[in-house]
Amino acid sequence: MNYKFSNRVPKTDNDPVGDILKAAADPKVTSFAGGLPAPELFPVKQVKAAADKVLDEKGAAALQYSSAQGVPELRNVVCKRLEVEGIHTTADHVMIATGSQQSIDLTAKMFLDEGSAVIVEDPTYLTAVDVFRSYGAHFVGVDMDEDGMKMDSLEEALKNNPDARLIYTVPTFQNPTGRTMTMERRKKLVELADKYDVMVLEDNPYGAIRWEGENLPSLKSLDKTGHVIYMGTMSKIFSPGLRIGWVVAEPKLMKKYTMMKQSADLHTDSFSQYVCAQYFTDNDINEHVKKITALYHKREQLMMEAIDKYFPKGVSHSYPEGGMFLWVTVPGVKSSQQLFDAAMKRNVAVVPGDPFYGNQPEPGTFRMNYSNTPEDGIVDGVKQLAEALDEVMSEPATK
Ligand SMILES: Cc1ncc(COP(=O)(O)O)c(C=O)c1O
């Protein structure tokens, strides 16, 4: 059979990230690879109670089709959460999506044609790269430092790409680097979006998980001209399995989003939406987020201390003040895959840097996750990883 695939379908079946995550799932392996929340904190009992209540009180509605924009009860819950981000809005500006992954997909579908330029942080969230690529995007990478996307590089990118359709950014505790964009740069980014009249897709799955530094306002809250589309999710503060995310946009865009959503999957699972809304009504989400934050902070501290003690000289890393990831750069290494292979020989998994870049990857980089590794595995895993780095750094890559 000769399948006549569309241009959106990947040309090969190579799935390096899938292969890494498969290898990392081996129980022998200490995995710093995935981006999973700590399962021991899922509020299983409370979700059971919420589900029972939903079935008892509005079972028929929860099992029925519902609106593309999402269940009003949940959109009201989302509006309350948005206050924390400095976004004061109403439920008609909010659409529920099937995770923020779908928000990225719908946004790409809405704004990109084959060859459209998308401006991204270098590096950026790898599954957003996959989505933008599937719509034929041309990537324009913008350099970052510890303070997030560099604004002079962004302006250069905007000048060189006057037809750019989107700036995609994860300004707080970015995936993969854990870095946060400063207040000054946030203001500048919003100013540039207006000046060059380009839409910004602000993706904020991790912002609530902060243990250090002051809360910074979202780009959306600074936007006076309607250039910022904001996306949030329940995945990191509650449960990724329920697949609930949201988009916040101007009413004119909201109409387009709900039409696109309708053609994609009609609506997000009604039962999940009702259960989620009920959970938020009956429980204190802020208390729950505090528990998540405390645990991740503990794990991050353990990891950072071990890194500072055992990693070879010259290796640098980011300093996250929250979220789930840190980013490591190993000097003089030509292939990130080489680092991964050396780590796997010692039964430790990380995600090599390459798939986080739309264009040319920076070699000798990798992402480490700390949220999903129990404390007793962290120090030993870092020690093994340090040995792997020693090995690779003493034998410069030939691949
Ligand atoms: C930056 C970023 N955006 C979006 C997502 C997708 O999240 P969701 O589970 O809400 O689809 C993730 C998941 O890890 C992420 O890190």
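Modeller: Start with F173, which lies in the loop between strand 7 and helix 7. Bear in mind throughout that this is a predicted model.

Colleague: What is the phi of F173?

Modeller: Most residues other than glycine have a negative phi. F173 is not a glycine, yet its phi is positive, at about 50°.

Colleague: Which residues does the cis peptide bond with an omega of about 20° join?

Modeller: Most peptide bonds are trans. With omega at about 20°, the cis bond joins N175 and P176.

Colleague: Where is P123?

Modeller: P123 also takes part in a cis peptide bond, with D122, and omega there is about 5°. The segment that holds P123 is the loop between strand 3 (117-121) and helix 5 (126-134).

Colleague: Which are the edge strands of the open sheet of 4 strands?

Modeller: The order in that sheet is 11-12-15-14, with antiparallel pairing. An edge strand pairs on one side only, and this holds for strand 11 (316-317) and strand 14 (351-352).

Colleague: Which residue in strand 15 is the bridge partner of F325?

Modeller: Strands of a sheet pair through backbone hydrogen bonds. Strand 12 (residues 325-329) pairs with strand 15 (residues 365-369) in the antiparallel sense, over 5 bridges. In strand 15, the partner of F325 is N369.

Colleague: Turning to the ligand, which helix gives the most to the shell around it?

Modeller: The shell holds 14 residues, and the closest are S100, D203, Y206, T233 and S235. By class, it has 5 nonpolar, 6 polar and 3 charged residues. The helix that gives the most, with 3 residues, is helix 4 (residues 99-111).

Colleague: How far is the polar side-chain atom of D203 from a nitrogen atom of the ligand?

Modeller: A pair of N or O atoms counts as a polar contact within 3.5 Å. For D203, the distance to the ligand nitrogen is 2.6 Å.

Colleague: How much of the accessible area of the ligand does the protein cover?

Modeller: The space taken by the ligand is the second largest pocket. An N or O atom in the side chain of Y206 is 2.5 Å from an oxygen atom of the ligand, and a polar side-chain atom of R243 lies 2.8 Å from a ligand oxygen. Of the 400 Å² of accessible area that the ligand has on its own, the protein covers 92%.

Conventions:
Residues numbered from 1 in each chain as written. Predicted model: local features only at pLDDT ≥ 70, side-chain atom pairs only at ≥ 80, totals over all residues. Heavy atoms only, no water. Near = heavy atom within 4 Å. Polar contact = N/O pair within 3.5 Å; in protein donor to acceptor, adjacent residues only side chain to side chain. Areas by Shrake-Rupley, 256 points an atom, 1.4 Å probe, with all protein chains shown as cover. 1 Å grid on protein atoms, 1.4 Å probe; cavity = no way out; pocket = protein on both sides within 12 Å on 5 of 7 lines; lining within 4 Å. Sits in = over half its atoms within 2 Å of the grid points. Helix = DSSP H or I, 4+ residues; strand = E, 2+ residues; numbered from the N terminus. Nonpolar A, V, L, I, M, F, W, Y, C, P; charged D, E, K, R; others polar. Pairing = 2+ DSSP bridges.
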